[in-house]
Amino acid sequence: MHRHFDIHVLGAIRLYQATVGLLEKSSNPKFLIISSALGSNGLMDGYAPMQMIAYNMAKAAVNHAAGRIHREEDRIVVIPVQPGWIATDMGSRAAVWAGSEYKAERIPSGVALADSCYFVITENPNDPPVD
């Protein structure tokens, strides 16, 4: 459990603390935290078969941290994002626990950074990409 909290909660807070000076200089500061629907109390019953208490608790804690930082900062938008079910070792084990209706997604190789976070860095996601 300590490892999950160190990586998912304290890691996100450490990264925020390390970048807050840069964020404060930005005209449109946004800080994304990788979260998961598994950290949602409201969605907990839908994930009942998965025995991942340490991970789920860590993601619930990082969701709380994102909410607190967002409310305590005047200008910095803090957004916890749920990337979806990713085909990692843990994600594949969870898919087995959850049943075959859940499919993990493999991230395609060669995805450019601008494409992977386009929805966050643009004011209007319908605008064409800017080089």
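I began with the buried residues of helix 1 and, working in this predicted model, I listed them as H8, V9, A12, Y16, V20 and L23. Beside the list I noted that an α-helix has 3.6 residues a turn, so residues three or four places apart point the same way.

Next I looked up what these residues pack against, and I found that the buried residues of helix 1 meet strand 1, residues 30-34, and helix 2, residues 53-72.

I then followed helix 1 from end to end: it covers residues 2-25, which makes 24 residues, and it reaches 34 Å from its first C-alpha to its last, close to the 34 Å expected at 1.5 Å a residue. I also recorded that helix 1 bends by about 50 degrees at T19.

Last, I stepped back to the whole chain, where I counted five helices and two strands, arranged along the sequence as α-β-α-β-α-α-α. Of the 131 residues, 29% count as buried, and the accessible surface comes to about 9100 Å², with 57% of it belonging to carbon and sulfur atoms. Among contacts with a separation of 6 or more, I noted that 60% join residues 24 or more positions apart.

Definitions and conventions. Residues numbered from 1 in each chain as written. Predicted model: local features only at pLDDT ≥ 70, side-chain atom pairs only at ≥ 80, totals over all residues. Heavy atoms only, no water. Helix = DSSP H or I, 4+ residues; strand = E, 2+ residues; numbered from the N terminus. Expected span 1.5 Å × (residues − 1). Bend = angle between axes of the 7 residues up to and from the residue. Buried < 20%, exposed > 50% of the residue type's maximum accessible area, 1.4 Å probe, protein only. Contact = heavy atoms within 4.5 Å. Areas by Shrake-Rupley, 256 points an atom, 1.4 Å probe, with all protein chains shown as cover.
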